[in-house]
Amino acid sequence: MRDLLGGKGAGLAEMTRLGLPVPPGFTITTKACNAYSKRNRFPPGLLKQVEEGVTSIEAKSGKMFGAPLNSLLLSVRSGAKFSMPGMMDTVLNVGLNDETVHALATLTSNERYAWDSYRRLLSMFGRIVKDIEGHKFEAILDRYKERTEGKKDTDLTTDMLRHIVEEYKALYRAELKEDFPQKPRDQLREAIAAVFRSWNGKRAVDYRNFNKIPHNLGTAANVQRMVFGNMGPDSGTGVAFTRNPSTGAKELFGEYLANAQGEDVVAGIRTPYKISELREHSPAIYDQFVRVSELLEKHYRDVQDMEFTVERGKLFMLQTRNGKRTAQAAVKIAVDMVREGLITKEEALLRVEPLHVIQLLLPRFDEAAKESARREGRYLAKGLNASPGAATGYVSFDPDEAEHLGHDEKKPVVLVRVETSPDDVHGMLHSKGILTAHGGATSHAAVVARGLGLPCVAGCEALRIDYDAGEFRVGEKVVRRGDFVSIDGTTGEVYEGPIRTIEPDFDREENLKTLLSWADEMRRLQVWANADYPRDAQRARKFGAQGIGLCRTEHMFFETERLPIVHEMILAAPEYRRVSAQHRALQAEIGSAKEGKRAELEKRLDLLGPAFEDLSRRYLGSLEKLGELQREDFVGILRAMAGLPVIIRLIDPPLHEFLPNYETLLVQVTKLRLARSDPQILTRTAASEEDRVFLDEVQEAGKGDLARGIEVLLPEKELLLAAVAAIREANPMLGLRGCRLGITFPEITEMQVRAIFEAACLLRKEGVDVHPEIMIPLVGHVNELKDQRDALEAQAKKVMERAGVAVDYKFGTMIEIPRAALTADEIAEYAEFFSFGTNDLTQTTFGYSRDDAEGKFLLSYVDRKILPFNPFQSLDREGVGQLMRMCVQKGRKVRSSLEIGICGEHGGDPASIELCHELGLNYVSCSPFRVPVARLAAAHAKLKHEVARTEDR
Ligand code: PEP
Ligand code: MG
């Protein structure tokens, strides 16, 4: 019915059918609108039907359309299938003319109102029906307002309104070379056509584009008798919800304004009172309205948002529709309605949007406070809503400072960066929110913020950040270090100054917990979480995670006190590999060498000895230290997840990510070389913050003596530069990373596996139930996995034998390269589980650089509809999805027990979760705060597919 009659028309028809008091009227269908849009004229027969409709309204109301005395006035309102508030047009008081205006004055006993209605009809009709520019009517009105004391519409006298009507008519004549149509039927016909045309008005088209509403639906036109709420104290108008749309409380919620028309409520001319006060004023009407609203809610089995008018003690219902509500209200109402027996659990689940749930778990701005910030002109800009939630805090541009303020001084900080890198994580950890000028949905800032449950606005290109000046600019506005800024990661908005936030507490969200428990009964997919730290794992578990699907071990390397050890290890690694190979070869040669040759070989081995020892100390020694630290990390995370599986991924990023930036080093080495003959040049040329930090470093190295500092630092930096230059790659994301690292430097992954098993054995001995799963990243050929599995399982075995305990573990791989998906049957021979790394799989399938695409072209691709959506946010079904489908089928054919999940960012996206359900994955893994979203989305997926299957049958 809504397709044909639109939402408003369907509601009116249904209310009429239920015997509720609705002003008599009729609805012209969306089909007629579409026919009109095509030919620019009414379809045959329409006007005759309109005439019949008017006659029927006349009969029901006892008034005549166009009669000079007891005249019928009509409203013509738009109403599409989907609510498009304020986007289309409405013409009221149709039927007023030079004669009937007097009849209205008598009818309402309010001459001023009659003339005011007439001037409104004239300007509405002129503007909407005849396209006269609105400001021309405004100019006339303003001229009269100027003459009044208060300078407002309400200050205009009846006489003034009469004059305004005359001037409006003159304007109409001057603009159109014709008079305002005095015949009510002409007005009606033209008003209907204008409502139809408003479907294709710019506002409506933009709104539909933004909200993805199809353009071919058309609007209906509802023609009804005007009812007047301004006929004295026993009249009035109101809007009400059957339940409170902000809290969900079961109470009639709304406003009523006596002796007023609908637009007066909207215009805020007088303060309406609460609907409950209507009980004191007009108990009979109130009781009737309560009965009507109860009936409507029961009938529609959902909260209703109603408009009504009381005309001389008689109630008229003007509209009813399902009410929009906050996330909190949606959850409470769904749960309450199940308890009241109004809806089923399945319906309750489908009533709550999975993504809305996140609003209940993150700090959010108090809406009123945000609105006043906007009114005060504190809105700055909008970026990408990269990680939801709200944050307000001091601006800091420096991760060290952010860490200090957040950690030591316990102050709220918003870290503002052009973009973030792994070097910034310590600052991010202690910030309330992250704001970046560049970067997309899978930029470092976005991924880390989502993982930490921190609000993040990324890619806010309007920001001009100047680290040296310690400020950012947006147009004329300047925000300095230490000023307050507020970011809304749910919408992407950025504001100057503080905005009050509301802190959430999952434990107290009883309704949400109930709803999610129903989701758990329903869903087939398990929900796991991506967590790198014990604290994230604990949070994920509290939110209902059934395992850890991805623990990225490299994050553990980035901590400030560990980085020097990591540097030492990386710098020594290539040389150690070379020298140790020589060492091994010489030893082998000695074993089989003849007498004469052996002595010479032994001498060479002796010569190699010191270098080999030094490199072993630096490389293996650093790994040993890192292994001890990692063991502690693994103990923490495995303990937090006792009884549940924990997938630990071995090192993945290219090694240069752990080292200083090549360009920075090159500049530093060049400067140091130049400064050898003139050390003060460093002081003289220190222009930027970065230069000053470097100067301090040199001073420190020389213990206050610049020249000495240069001599100490230069060889160190030269070495570092050479090492960084040696491992630099043109395409690092396609280079020496993932399993390629473990194969090239097996000692690194062996150390990690030892640390995992030492931690697991330690906990087993304490009686903790642990289930580690070792995951190899970026496998493209089965032999890569085979190589790593052989080497690493040998390590695991050794540790378990030494400890004398057996640990239940699995060995598996990520699927992130198309070739891995295509050869999944071969790979499954060596993997007990697959985990789709859809960030990389999307990158490699599309051939888009995940670090650059969003900033450079991808968002514009989406704007220009070259792509329907951002494939880094929601899985591309046709491409990436097809690879996944093939991979699941091939993998399970070889190993039916293969455990398959997803751990890319898509694991928390409801549409992608639906695809994972369809593909038969075992679980989705997402950031901890997305766990409740995913629990609900997984239930939605199951329910939708059950409905689809039933419909197919
Ligand atoms: C992925 O590629 O989807 C993944 C989870 O790994 P990362 O984002 O760490 O490359
Ligand atoms: Mg990856």
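I count two residues as in contact when heavy atoms of one lie within 4.5 Å of heavy atoms of the other. With that settled, I opened the model, which is a predicted one.

**Entry 1: S396**

I started with a single residue and looked up where it sits. S396 belongs to strand β15, which covers residues 390-396. Is S396 buried or exposed? Its relative accessible area is 0%, and buried means under 20%, so S396 counts as buried.

Next I listed its contacts, skipping the neighbours within four places in sequence. What remained for S396 was E401, A402, V413, V414, L415 and V416.

**Entry 2: the whole protein**

Then I zoomed out. I found 37 helices and 32 strands in the protein. Its C-alpha atoms fill a box of roughly 130 × 75 × 55 Å along the principal axes.

**Entry 3: a four-stranded sheet**

In what order do the strands of the open four-stranded sheet come? I read it as β1-β6-β4-β5, with antiparallel pairing. The edges are β1 (25-28) and β5 (90-94), each of which pairs on one side only. On average, neighbouring strands here are turned by 20 degrees against each other, ignoring direction.

I took a closer look at one pair in this sheet. Strand β4 (residues 74-80) and strand β6 (residues 219-225) run antiparallel and are joined by seven bridges. For G79, the bridge partner in β6 is A220.

Which helices lie on these strands? Helix α8 (residues 184-197) packs on the sheet and touches β1, β4, β5 and β6. The direction of α8 makes about 150 degrees with that of β6. Helix α3 (residues 46-61) lies across β1, β4 and β6, and it runs at about 160 degrees to β1.

**Entry 4: two packed helices**

I needed two numbers here, because a pair of packed helices is described by the angle between their axes and the distance between the axes. For helix α5 (residues 111-129) and helix α7 (residues 158-176), the angle is about 20 degrees and the axes are 9 Å apart. Angles under 35 degrees count as roughly parallel, so α5 and α7 are roughly parallel to each other. Their crossing is left-handed.

I noted who makes the contact, too. On the α5 side I found residues including W115, Y118, L122 and F125. On the α7 side, L161, I164, V165 and Y168 are among them.

**Entry 5: around β29**

My last stop was strand β29 (residues 810-815). How many of its six residues are buried? Five are, so the strand is largely enclosed by the rest of the structure.

I then checked its partners. Strand β28 (residues 771-776) pairs with β29 in the parallel sense over four bridges, and M775 has G812 of β29 as its bridge partner. Strand β30 (residues 833-836) also runs parallel to β29, joined by four bridges. G812 turns up again here, with F833 as its bridge partner in β30.

Finally, I followed the chain from β28 through helix α30 (residues 782-803) to β29: the three make a right-handed β-α-β unit.

How values were computed
Residues numbered from 1 in each chain as written. Chains lettered and ligands numbered in written order. Predicted model: local features only at pLDDT ≥ 70, side-chain atom pairs only at ≥ 80, totals over all residues. Heavy atoms only, no water. Pairing = 2+ DSSP bridges. Helix = DSSP H or I, 4+ residues; strand = E, 2+ residues; numbered from the N terminus. Axes fitted to C-alpha atoms, helices over the stretch in contact; angles between N-to-C directions. Buried < 20%, exposed > 50% of the residue type's maximum accessible area, 1.4 Å probe, protein only. Right-handed = clockwise from strand over helix to strand, strands pointing away. Parallel < 35°, antiparallel > 145°, perpendicular 65-115°, else oblique. Left-handed = near helix turned anticlockwise from the far one by under 90°.
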